[in-house]
Amino acid sequence: MCGIVGYIGREQAAPVLLEGLSRLEYRGYDSAGVAVFDAEAGTLAVHKAKGRLQVLSEQLHGGADLNSTMGVGHTRWATHGAPSDINSHPQVSHSGRIAVVHNGIIENYAELKAFLMAQGVPFTSETDTEVVAQLIEYFYEGDLLAAVGRVLRRIQGAYALGILCADCPDRIVAVRKDSPLILGYGEGCSLIASDVTAILGHTRRVGYMEDGELAVLTRESIQCYNHLMQPIEKKIVTVDWELDAAEKGGYEHFMFKEIMEQPDALRRCLSPRIREGDIMFEDLSLSQEFLQNMRRIYIVACGSSCHVGMVGKYHLERLTRIPVEVALGSEFRYMDPIVDRHTLVIVISQSGETLDTMAALREARRLGGRILSIVNVVGSSIARESNQVLYTWAGPEIAVATTKAYTTQLALLSLLALWMARRLGAVSGEEFQAALAAFQELPGKMEEVLSRRDSIQYLASRYFNHDSIFFIGRNLDYALGLEGSLKLKEISYIHSEAYAAGELKHGTISLIEDGTLVVALSTYGKLFSKAMSNVIEVKARGADVLSLTVESRGEEMRHTADGVMSIPDIHELLLPCLGVVPLQLFAYYVALMRGCDIDKPRNLAKSVTVE
């Protein structure tokens, strides 16, 4: 959600900024802008445009029109004020001396704006960000760092800030609180960015800013300060994945590329952790004493990660017999959760920066819970603030609609459930080995599903023109249906809902009429006969039924359903992990046939860093 890039060095800044912003487009945005220091005029030059980044890039001829070696850029996802050139970032102070790019929300902006207007300060935009720029200028008396410090003591909320001052042509100031910001240590240059993908073309040496920290970037170095303005040393890490991992690699869309990458992502996630007939979590230190005294497990997440948690609840409760509650990150703080030192709180986030999930983590930690996070991004905020962290190692995921992050989260949580059950003596050695063998077979079986994608494309061609689609399933299939429905609605814009199949007669069957498409999920063998009954039930009311089942049940289902997608038979722990792939492909092909912008669906953002 929104993207920041900043550069100070020897190269022309504008092309670097535009290139970096192009690598952040996946985060979701509605406008873009850059501000650079014009050395000849001694002023800041600001250029902004509503719409895609390409609009701004064409206006600036790829950045060639701006002769400067220092600047900041931004892609905005509107929160305060409608998308427009005026509301786009960078926002500038009334004199034009201060320019600010900002991710997050300033919660007390209205109060601060009223104060500044009472002092005669004019405003031009509807944004909360302009308040920051105007307030810095209000306090500025020749010392930019001191002015920024005074502002930070007055603003409330979440923010990552990149700040330019026309009086300081040799520095960029960066600030972070509850919104990610990364420092890049280059040769003869320094950079900031919301995501490492934006700066990999210039450096692999990065530092992660912590909450309350401030950084001053010059061409030669980066100096960081804590919230007391005391100098601190940052740990510098080297990013070890290649830039082409964030490129399309010949695929039409990032989403399709990432669907196809799932078998390899699962191998990276699982193979190092399954060795010598056992599960090895080398970085996990949940003691036997803690596991045996554990009374409750919370799984906290948002969106697709929450759907992972719902599958995990079934697995954990069946295998460990410990009560599990799944809570949305946005609701956890407000539900007065029962958390103590005997509670394990599993926090799931692809980016590791999801603001609602981060707030839930902090609340659980305050209450005394033990925090175990499952994240993809090494060094992310959630990872750093957890007691334990398991990385999915999925690699960069660019498409807004998650695919490989979901499957690796799901596989890792399922593996964790099996590991806990084994340590608690809740599964036999025979059952444990059978499940472990299935984990090792999973990537290969997923490749089988992907090799048959033409059949799913054909089914999408039959059903892409429906305006309302319903997913039904029981138990694991219900949790799987939630994710399948979300994938479809977020990239195709078709109204889609998932229901527990047993609830049909409690109201939702009234929505079924002639021609309604119902996607009936029946991979969970123990409830196959129940699933068949529900298929017959909706067929009797005129529904077209597209079923997802396992190959051993495919022929039986074909006698009743209008279309069938199938997956290889596999251990029930991994049915949702394998079953989600046809649903991802179905959503992708439906969106493709409807002409939708698959990688950048409207109104959505990859990393949700505002409430």
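What I show is a predicted model, in which local features need pLDDT of at least 70 and side-chain atom pairs count only at pLDDT 80 or more, while totals for chains, interfaces and linings use all residues. Residues are numbered from 1 along each chain as its sequence is written, and side-chain values use heavy atoms, with hydrogens and water left out.

Two strands are taken as paired if DSSP finds at least two bridges between them.

These strands belong to an open sheet of eight, with antiparallel pairing and the order β3-β2-β4-β1-β10-β9-β11-β15. Which strands stand at the edges? They are β3 (43–50) and β15 (237–238), each with a single partner strand, so one side of each has no neighbour in the sheet. Elsewhere in the order, β1 (residues 3–8) and β4 (residues 70–76) run antiparallel and are joined by six bridges, with I8 opposite M70 of β4.

Now to the helices. The axes of α13 (residues 404–423) and α14 (residues 429–451) come within 10 Å and cross at roughly 170°, where an axis is a line fitted to C-alpha atoms, for helices over the stretch in contact, and angles run from 0 to 180 degrees between N-to-C directions. The two helices are therefore roughly antiparallel to each other, given that angles over 145 degrees count as roughly antiparallel, those under 35 as roughly parallel, those from 65 to 115 as roughly perpendicular, and the rest as oblique. Their contact, meaning heavy atoms within 4.5 Å, includes L415 and L418 of α13 together with F432 and F439 of α14. By class, that contact has nine nonpolar, three polar and one charged residues; Ala, Val, Leu, Ile, Met, Phe, Trp, Tyr, Cys and Pro count as nonpolar, Asp, Glu, Lys and Arg as charged, and the others, Gly among them, as polar.

In a second pair, the axes of α15 (residues 453–463) and α19 (residues 575–593) come within 8 Å and cross at roughly 50°, which makes α15 oblique to α19. Among the residues that meet are I456 and L459 in α15 and L585 and F586 in α19, and this contact has 10 nonpolar, two polar and one charged residues.

As for salt bridges, defined as a side-chain nitrogen of Lys or Arg within 4 Å of a carboxyl oxygen of Asp or Glu, the count comes to 34. One of them joins the side chains of R176 and D211, at 2.6 Å from N to O. R176 lies in strand β8 (residues 172–177) and D211 in the loop between β11 (205–208) and β12 (213–217), so the pair ties together parts that are 35 residues apart in sequence.

Finally, two backbone details. The peptide bond from H89 to P90 is cis, with omega near 5°, and P90 lies in the loop between β4 and β5 (91–92). E276, although not a glycine, has a positive phi of about 55°, and its place is in the loop between β16 (274–275) and β17 (278–279).

Notes. Helices (H or I, at least four residues) and strands (E, at least two) are DSSP runs, numbered from the N terminus.
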